[in-house]
Amino acid sequence: IGTTAGCNSAPKTVTVNVSPLPVATPASNSPICLGGTLNLTSSVATSYTWTGPNGFSSNLQNPTLTNVTNAMGGVYTLSVTNASGCIKSSTINIVINPSPTIAINSSTTICKGSSANLTANGALSYTWNPGLIVGSAVTISPSVTTIYTVTGANVVGCSNTNTVLITVNPLPTITAVVSPTAICLG
C-alpha cells in the first residue's frame with residue numbers, strides 16, 4: 001500500500017518463490033587404500049564442484065568424481081548448485097588406509113619329492129598362488145622350481161603381495177655296477 005498526499009493506493013501483492021537448497025551428500029568408496037582410486041559421489045543437482053587437499057579441484061558436470069588415482073587423505077568439499085542457482089556445500093573426510101607389509105619365512109631350496117613350509121606375516125588373511133592355498137602357514141611340494149606369490153589383506157581390506165622362489169633340485173641318479181657278477185665263497 002502506498003500513500004501520496006494522504007491518499008492510499010489500492011493494495012498490490014507480489015509472490016516470492018523460495019527455492020529449496022540442493023542436497024549436498026558427498027560419499028566415497030570404502031575403504032580407500034594407499035595408492036588406490038578414490039570415487040566420490042553426490043546427490044543429483046545441476047552443477048558440482050569438488051575441492052580437496054593440495055589444491056585439488058574438479059568442476060565436472062557429473063555427480064560422480066572417479067579415478068582420483070593415488071588419492072590423498074583429507075577433507076573434500078562438495079558444492080552443488082540446483083536449477084534455481086541455489087548453492088549448498090558439504091564436506092567428507094577421506095582416510096587413506098595403509099597396505100600391509102608382507103614378510104615370508106621359508107627355506108628356498110628343496111629336493112624333488114620334498115616339501116617346504118611357507119609362512120607369511122604382516123596381514124590378517126593370506127592366499128598363496130599357484131594353488132589358491134589359504135593360510136599364513138602352508139606346506140607346498142612343487143615338482144619344479146616355482147615362484148610362489150602370497151597376497152595378504154589387512155582388517156580394512158587393503159592388500160599387498162610378496163613372492164618367494166622355491167628352487168627344486170633334482171635327485172641324484174645312482175647307477176650300481178658289480179664286477180664280476182659271480183664270485184666264489186670267501
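Strands in these legends are DSSP runs of E with at least two residues, and helices are runs of H or I with at least four residues, numbered from the N terminus. The model is predicted, so local features need pLDDT of at least 70 and side-chain atom pairs count only at pLDDT 80 or more, while totals for chains, interfaces and linings use all residues. Residues are numbered from 1 along each chain as its sequence is written, and side-chain values use heavy atoms, with hydrogens and water left out.

**View 1. The loop between β15 and β16 (133-134) holds Gly 131**. Gly 131 counts as exposed at 60% relative accessibility, where exposed means over 50% relative accessible area, buried under 20% and partly exposed in between, with a 1.4 Å probe and protein chains only. The C-alpha atoms of Gly 131 and Tyr 148 are separated by 9.2 Å, although the two residues are 17 apart along the chain. Pro 130 is placed in the loop between β15 and β16, and the peptide bond that reaches it from Asn 129 is cis, with omega near 5 degrees. Leu 132, in the loop between β15 and β16, has a positive phi near 50 degrees and is exposed, with a relative accessible area of 62%. Most residues other than glycine have a negative phi, and most peptide bonds are trans.

**View 2. The largest nonpolar core has 15 residues**. Such a core is a set of buried Ala, Val, Leu, Ile, Met, Phe, Trp, Tyr and Cys residues joined through side-chain atoms within 4.5 Å. Leu 118, Trp 128, Ile 140, Tyr 148, Val 150 and Ile 166 have the most contacts inside this core, to which β14 (116-121), β15 (125-129), β17 (137-140), β18 (146-153) and β19 (159-169) each supply at least two residues. A second, separate core of 12 residues includes Ile 32, Tyr 48, Trp 50 and Ile 94.

**View 3. Four strands form an open sheet in the order β7-β6-β9-β10, with antiparallel pairing**. Because β7 (57-58) and β10 (87-94) stand at the edges with a single partner strand each, one side of each is left without a neighbour in the sheet. Strand β6 (residues 47-51) pairs with β7 in the antiparallel sense over two bridges, and two strands count as paired if DSSP finds at least two bridges between them. Thr 51 has Ser 57, in β7, as its bridge partner.
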